[in-house]
Structure formats: C-alpha cells, structure tokens
Amino acid sequence: MPQAYFFATFGYCILCFGLLLWSASNSFQHNYLLQNAGLYGFFSHKVFCSYDYSITKVKTIQCKRTGVYFDLGETLSDLRASAPKTCCQMFQKICLRISTNIFIALLLFGLNYGIYQLLRIDYISSKDSQHNLRLLTIPLIICACNFLVPMIFNIIGYHENYSSRRTKLYVNTFRESVLRMSTLLEVVYYWLFTRGCGSAEVPEVGVCHDCWETELGQEIYRLVIVDFVVSVLFGSFLKEFCRKLLSKMRLSKEPVFDITSNVQDIIYSQNLCWFGFFWCPLLPLVGIIKIILTFYIKYFSARLNCRPSMHMWRIAQTKTVLILSLTLQYLILLMTLCYSVYLKSASKNCSPFRNLGVIFDVIRNIREQISEINDIIAFVLNYMSTQYFFFYLSLFILMACIYFRMISSGRRKILHILRNSIATEGGTKKFLLLLYNTN
C-alpha cells in the first residue's frame, strides 16, 4: 500500500508538470514569439482586416468596434511608454511604485501574520458546542481576504497611472496570485511546522498531532467547499445579479463579466486540489465537481446578468501569463511536497506511511529489497536518492532552459529579419512601379 500510494502520487505530479510545461511553452511561442516579432503592417491589418462585416446585432457591432479601438490604443500606449521621460517624471514614477509596493507588501504580511495567529489559537475543541462552526473560521477568513483584497489592488493600480492597460492587468494578476498563494502556504506551513511532527532529525518540534496529515487534508477540504460557496454567493449573486437589478433601476452600470478574476478563481481551485491531493486522495474528485458546477453557474450568470467586455485586446497573451503563473505555483507546490516527503515524520497512528519514519523511507525499503537481488539497480536507486542527483538534475534542467531560450531568441531575430526583408521588398516594388510610371 505505501509503495502504490507513493508511486501513484509521483506519477501524477510528473504528468501534471509535463502538461504544464508543454502548454506554457506552446502558448508562449504562439502568442509572444510569433506575434511580437514586429509592428510592420500591424495597424493596416487591424484597421482593414480585423472587422467582421457579417455582424448584424447592434451590441455585437459596438463590442467589436470598441475592442479594435482599445487594441489600437494599447499598442500606441506601448509606443509612448518607450519614449524618453524627464528626470522629474522618472523620480515621481519610481517613488510612487516603491511606496505602493511597500504598502502592498506590508498588507500581505499583516494578513498572513493574522491568519497564522488565528491558526495558533486552539479553536478545535470537541467540548465546544460551536465546534463545527468554529472549524469554518479560518476558511471563511481566507476566502474573504481573497475576495476583498483584490479590490484594494485594483484601486491602487488605478492610482499608479500605468501607461498600458495590459501592464496594469499583469501587475494586478501577479499581486492577486501572491495573495492567494501566500494564504494557502500559511496554512500548509502551520500544519507542517507547528501542528505536525518535526523532521526526522528533530522529531518533537512543536505540538505533534497523531494524525496531522488527516487534519491538513480536512483543512484544505474545508477551504475548497467554502471557496465554492463564497465565489458563487459573492461573485455571481452580489457582484452580478444584484448589480443587474440596480442597473435596471438606473442606479448602477450593467456588470461586465471579469474574465481574469474568474480565471484566477479556477487557478486557486486547482492549487487547492494540488496542495491537498496527497493528504486527501478524493479531493481531486471534489475539485472536478466544484469546477463543473462553477462553470455552469458562471455561464448562466454571464448570459443573464452581464454584458460583454469592451476590453477584448490580446486575451491570448493574458492566457499565457496565467498559464505561466499556474506553472510557477505548481513548482512551489512540488517544493512543499518534496519537503514533507523527504524530511517530515509520518504520523504513528494513521496514513499509509504510519510504520515509517519519513515518507521517503518507502524508497529506502525498496532499495534494500532490490539490493538482495541486483547490486547495480540498488546502486542506481541509492544514487538517485542522494542530493547529488537532484543537484545534477536541476543543473540539467537549467541548461535545457538556457538552450531553449537561445533557440527562441534566434527565431525571434530571424522573424524580425524576414519582416524587414518583406518591408524592403515592398519598398523596392513601389520604387520600380513609380519609375515605370514616370517613363
């Protein structure tokens, strides 16, 4: 049982990591490498070829026209941002960005410190009559922070005066990802270092619970359920349905379906499943059901309550940024999981690894069994379980990243040269036609 559980989890992690890398590399290649090779012909193509003349509905025409307008404005703002600025403007911009980032860092630190102090309170007591309700305190606070703090980020981003809407979107996306990831890591850190058993070298650090793996899985399971209720209740009902009623009474504007915020909710749900699947094996099934229900609820809410967004520029590039953010968060998950597998002591009374010192002893036991049969395989497994193997593996991955980065840079330069050749050829043909007409 321990071997099957360990290797099934390991295979699942490798499969997810491979799919994420493949998706991120393809998305980056198609949406950045091939599209950002130059601006030659961009404006003429956008003006004369981007409009769909088969559209007949007035709202769709308005949406398409406004989308083209914002796309042109976004490109022009990027060109203006590259223009030289005065020293006073640069100093004012740097001071504003530093002050806002310090404020956001202090805000995130305060939130995580408050969550950690709440987690330290012994609120789980079987003698308390409100025991079941108190179990939901931390999940409710975390979900409330994930819902309310991004509004503060949007207000701060509005006053930072970014020249590009896309830059503002990327900055807010990064800050929201850091917020959600930090609160989730705070919960995992609490259960690994405070409530769970210590490492193999120091097995009695903190207050050691008999079944800390089970309690960690239950905590993340409650986070999944509460996040679903909060996202549906506040996201679909208050933000969309109630604003739709207010717009009918002309007290507010008609709500717009926020694609980036809803995608961040899906990424957070996926992170919860990844963080909890090792401690709660049925959590991926619950996550799939949650995502399916969320999709249909959001779908009908968008159809009935929301109007189309007018900012439809470069959604594919935003998708690439979100995929890269998901990949980075998955790497953080893998580091946390590797720490718990390699250094954390397993519970003595529960989990499939209760008879082992640490979870990684599964590999050591297999190595000892194989050493009695074949010394070469035992030597290979022994080397793979040392830190030298992981060092060389990390070095190989780093060199592979540098290699593919150089290939991408070379392809970008080739595309730039080809586009300049097309422009030169067009100018030559224009000159020849002008010379022919004069003769």
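In which helix does Pro284 lie? Pro284 lies in helix 10, where helices (H or I, at least four residues) and strands (E, at least two) are DSSP runs numbered from the N terminus.

The model is a predicted one, in which local features need pLDDT of at least 70 and side-chain atom pairs count only at pLDDT 80 or more, while totals for chains, interfaces and linings use all residues. Residues are numbered from 1 along each chain as its sequence is written, and side-chain values use heavy atoms, with hydrogens and water left out.

The protein has 14 helices and 0 strands. Buried residues make up 36% of its 439 residues, where buried means under 20% relative accessible area, exposed over 50%, and partly exposed in between (1.4 Å probe, protein chains only). Among contacts (heavy atoms within 4.5 Å) between residues at least 6 apart in sequence, 75% join residues at least 24 apart.

| Residue | Relative accessible area | Class |
|---|---|---|
| Lys244 | 17% | buried |
| Pro284 | 23% | partly exposed |
| Met399 | 53% | exposed |

Helix 9 (residues 259–276) and helix 10 (residues 283–305) pack with their axes 9 Å apart and at an angle of about 170 degrees; the axes are lines fitted to C-alpha atoms, for helices over the stretch in contact, and angles run from 0 to 180 degrees between N-to-C directions. The two helices are therefore roughly antiparallel to each other, a term for angles over 145 degrees. Among the residues that make this contact are Cys273 and Gly276 of helix 9 and Pro284 and Gly287 of helix 10. Leaving aside neighbours within four places in sequence, Pro284 is in contact with Cys273 and Phe277, and its C-alpha is 7.9 Å from that of Trp274, 10 residues apart in sequence.

Lys244 is placed in helix 8 (residues 212–248). Not counting residues up to four places away in sequence, Lys244 touches Glu254, Pro255, Leu304 and Asn305.

Met399 is in helix 14, and helix 14 (residues 387–438) gives the most to a nonpolar surface patch, with 8 residues. This patch of about 970 Å² is made by Tyr383, Tyr388, Phe391, Tyr392, Leu395, Leu398, Met399, Ile402 and Met406. Patches are made of residues with over 30% relative accessible area and no salt bridge, with like charges joined within 9 Å and nonpolar side chains (Val, Leu, Ile, Met, Phe, Trp, Tyr) within 5 Å; a salt bridge is a side-chain nitrogen of Lys or Arg within 4 Å of a carboxyl oxygen of Asp or Glu.

Key: Areas by Shrake-Rupley, 256 points an atom, 1.4 Å probe, with all protein chains shown as cover. Parallel < 35°, antiparallel > 145°, perpendicular 65-115°, else oblique.
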